[in-house]
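Biologist: I am new to this one. Could you show me how to read its features?

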Amino acid sequence: MDFGPQLGVLLLCISAAFLRANEIDFLKDVPQDPSKGLQKNNGEMVYCYQRKNGRTNGQLRTTSHVKDHFVGEMIHGSFSTTAQIKLKELRGTAQFVLFSVQRTTDRKKLFIWWLNAVRKQVGITYTGSQGRTSLLYFSKVPFGVTTWFQLTLKFRGFNRNRPMVSLYVNDMKVEEKTLSRNFRNAIVGTNRNNIVISLADMWGLTTTSSMPKICMRRLRVFTDTDVEDVVNQCPQPASMTEQELQHLEQRIAVRVTATCDQAISKMMQQMQLMLNTCGVCKRHPNLFTRPPPNLFTRPPPNGTGPIIGNPVETKPKEALKSLVANPCPPGLNACHPRGTCTPNIMSPGNFCKCNHGFAGNGYSCGKDSDMDGFPDEDLPNCKEKYCRKDNCIDKPNSGQENVDGDELGNACDEDQDNDGILNKKDNCALHYNPSQQDTDGDRIGDACDNCLRTRNRDQKDTNNNGTGDACSRDIDGDDIIENDNCPYKQNSNQLDSDGDGVGDACDNCPLNSNVGQEDVDQDLVGDECDSNVDRDTDGVNDNYDNCVSVINPGQLDTDGDGIGDECDPDDDNDGVADETDNCRLTANADQEVDPLSPKYGLACKDDYDGDSIANNLDSCPENKDYSA
């Protein structure tokens with residue numbers, strides 16, 4: 001079978017469809033107005049919700065051009081809406097409405113896209129053709145705090161009477177849900193002159209405390225071409241002459257080059273994935289001179305799962321549909337029916353992941369009743385950690401801790417150390433001690449007491465050396481035994497700038513003498529030097545705050561220049577502004593990128609914060625101060 005020409009026609013057809021996709025920014029044509037929370041930042045409009053004197057700054061109306069474009073997008077088989085959000089903190093019970101579509105004749109809301117910061121929900125409310133209102137929402141959405149994150153709703157399947165909507169956070173798929181078939185009928189069936197689109201509103205706002213501190217930018221809608229629909233419309237020639245093939249190769253080379261140049265663009269990602277998978281996204285004139293890639297053999301990784309047989313000849317349309325439905329690259333066997341191929345946000349490529357309510361390695365998945373990441377039963381043909389039977393089926397315990405090594409994990413084991421004493425009465429619940437000996441009588445058994453002969457019920461151990469503070473000669477472990485001016489905080493240099501006998505390391509006013517360390521408001525700043533001025537209300541007084549006007553209680557300062565990351569235009573001090581820096585937290589003035597993963601620079605693609613801990617192992621991949 002002459003696979004090359006047919007795949008070429010399909011790629012050309014799909015690339016043309018993707019390059020025709022257009023998008024529009026709802027905020028682009030809205031005039032700047034600080035009183036309404038609209039400010040331009042680096043040439044783009046940013047909206048921040050605010051409330052003054054009991055009145056809010058919502059809501060805004062789009063132009064007729066934006067309205068016509070949005071209604072037009074809904075007619076397509078697929079479209080997407082996206083917005084970048086910044087939450088200064090997870091607070092406020094009110095719902096923030098990104099935008100809503102209203103019919104003016106009866107003031108009926110036809111479509112609403114909203115989020116609730118505290119409940120971590122994103123949802124849509126829409127009206128069907130029968131006038132019935134439907135509510136659909138996604139829970140446990142991983143919102144970012146104090147940093148911009150992107151929300152995307154992808155609507156598809158209208159042309160196949162199977163409408164679906166998927167939520168993505170920073171390009172990571174959260175969940176997919178089914179829409180009613182008449183989802184868009186009310187909007188499409190209403191005269192455009194009787195429709196208004198409003199932006200940035202707040203629902204359920206009662207007091208200042210119920211208002212989330214939120215900003216929004218890049219609120220956009222664009223056609224997200226459904227590849228399966230396009231494939232069905234593509235020609236499938238039986239044969240081509242050599243001259244026709246050369247002409248086709250030249251046309252494809254132009255298209256593919258344009259596609260590769262725009263790989264970062266969101267509307268190109270799905271096509272880019274297919275091009276990379278098929279191995280044709282290269283800059284050379286003869287794209288089909290090498291043998292076509294084998295798209296049909298998917299050997300299992302590490303010998304896991306069933307082995308697929310010999311290559312099977314398949315029609316290009318079917319092969320391309322398979323790639324779209326399950327875009328994990330060649331070299332991996334198909335994901336489990338209860339699994340989904342998911343983009344890997346920490347490194348290039350994709351991986352198989354078990355769906356919500358199931359656990360395993362993505363190629364083998366089983367029911368997970370307590371949703372802690374471990375299946376209820378051992379999974380066959382899988383030796384990985386997350387295929388082992390959950391040792392507490394009905395109680396979440398993602399760490400699977402099991403002190404006594406029996407069949408029950410600590411979370412559901414009534415005798416965790418298997419010493420014959422139930423946990424509630426055991427004076428060392430995690431240490432085998434059937435005698436229950438307690439020399440100092442502090443109700444902590446000798447087997448686990450860090451001060452055997454000194455009563456210390458709290459077991460406090462400041463320097464974590466295994467000896468409790470109550471019986472330690474050097475509580476903070478700084479090798480200063482006598483007259484330590486900071487007994488609970490390491491300071492081997494014993495520096496005391498104000499000479500008040502309290503070391504700078506633990507002095508709440510290191511530059512002002514205050515022997516008593518008085519702190520009436522308990523804000524950790526001594527009364528002697530407390531200005532009580534905190535304009536951004538982040539708990540750090542202005543005279544110590546590295547971002548006086550921006551909330552940043554963590555005071556993260558990656559480059560150590562005295563300006564906190566939240567207000568530093570160049571966090572890594574490499575001369576490249578954060579807005580365009582492909583390694584925001586790692587200095588890389590050259591901005592060199594990996595062609596296979598152009599989103600991040602080479603200097604940080606595997607370690608965003610430069611703390612020498614790989615992103616997939618780092619609990620805080622964008623904060624070098626917290627890496628455990």
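This is a predicted model: local features need pLDDT of at least 70, side-chain atom pairs count only at pLDDT 80 or more; totals for chains, interfaces and linings use all residues.

Biologist: Let's begin with disulfides. How many does the structure hold?

Modeller: First the general idea. A disulfide is a covalent bond between the sulfur atoms of two cysteines. This structure holds 11 of them. Take Cys48 and Cys215: their disulfide has an S to S distance of 2.0 Å. Cys48 lies in strand E3 and Cys215 in strand E16, so the bond ties together parts that are 167 residues apart in sequence.

Biologist: Why is the disulfide of Cys48 and Cys215 called right-handed?

Modeller: Look at the torsion about the S-S bond. For Cys48 and Cys215 the torsion is about 105 degrees, so the disulfide is right-handed.

Biologist: Which disulfide is left-handed?

Modeller: Cys451 and Cys471 give one case. Their torsion is about -90 degrees, so that disulfide is left-handed. Both cysteines sit in the loop between E20 and E21, 20 residues apart. Cys509 and Cys529 give another case. The torsion there is about -95 degrees, so this disulfide is left-handed. The sulfur atoms of Cys509 and Cys529 are 1.9 Å apart.

Biologist: Are these cysteines buried or exposed?

Modeller: Cys509 and Cys529 are both buried. In other pairs, take each partner separately. Cys451 is buried because its relative accessible area is 1%, under the 20% cut-off. Cys471 has 32%, so Cys471 counts as partly exposed. Cys215 is buried at 7%, while Cys48 is partly exposed at 26%.

Biologist: Now salt bridges. How many does the count come to?

Modeller: Again, the idea first. Side chains of opposite charge can pair when their charged atoms come close. The count here comes to 14 salt bridges. Start at Glu44. Arg217 meets Glu44 in a salt bridge, 3.4 Å from N to O. Arg217 is in strand E16 and Glu44 in strand E3, 173 residues apart. Both of these residues are buried.

Biologist: Which other arginine forms a salt bridge with Glu44?

Modeller: Arg218 does, with the closest N and O atoms 2.9 Å apart. Arg218 lies in strand E16 and Glu44 in strand E3, so this pair ties together parts 174 residues apart in sequence. Arg218 is partly exposed, with a relative accessible area of 23%. Glu44 is buried at 17%.

Biologist: Which residues do the shared partners join into one network?

Modeller: Glu44, Arg217, Arg218 and Glu579.

Biologist: Which residues gather in a patch of negative charge on the surface?

Modeller: Glu518, Asp521, Asp527 and Glu528. To place one of them, find Glu528 in the loop between E20 and E21.

Biologist: One last residue. Where is the place of Asn42?

Modeller: Asn42 is in the loop between strand E2 and strand E3. Its relative accessibility is 61%, so Asn42 counts as exposed. Now compare sequence with space. Asn42 and Glu579 are 537 residues apart in sequence, yet their C-alpha atoms are 8.5 Å apart. Glu579 also belongs to the salt-bridge network that includes Glu44.

Notes:
Residues are numbered from 1 along each chain as its sequence is written. Side-chain values use heavy atoms; hydrogens and water are left out. Helices (H or I, at least four residues) and strands (E, at least two) are DSSP runs, numbered from the N terminus. Buried means under 20% relative accessible area, exposed over 50%, partly exposed in between (1.4 Å probe, protein chains only). A disulfide is a pair of cysteine sulfur atoms within 2.5 Å. Patches are made of residues with over 30% relative accessible area and no salt bridge: like charges are joined within 9 Å, nonpolar side chains (Val, Leu, Ile, Met, Phe, Trp, Tyr) within 5 Å. Accessible areas come from the Shrake-Rupley method with a 1.4 Å probe; for residues, only the protein chains shown count as cover. A salt bridge is a side-chain nitrogen of Lys or Arg within 4 Å of a carboxyl oxygen of Asp or Glu. Lys and Arg count as positive and Asp and Glu as negative; His and the chain ends are not counted. The place of a charge is taken as NZ of Lys, CZ of Arg, CG of Asp or CD of Glu.
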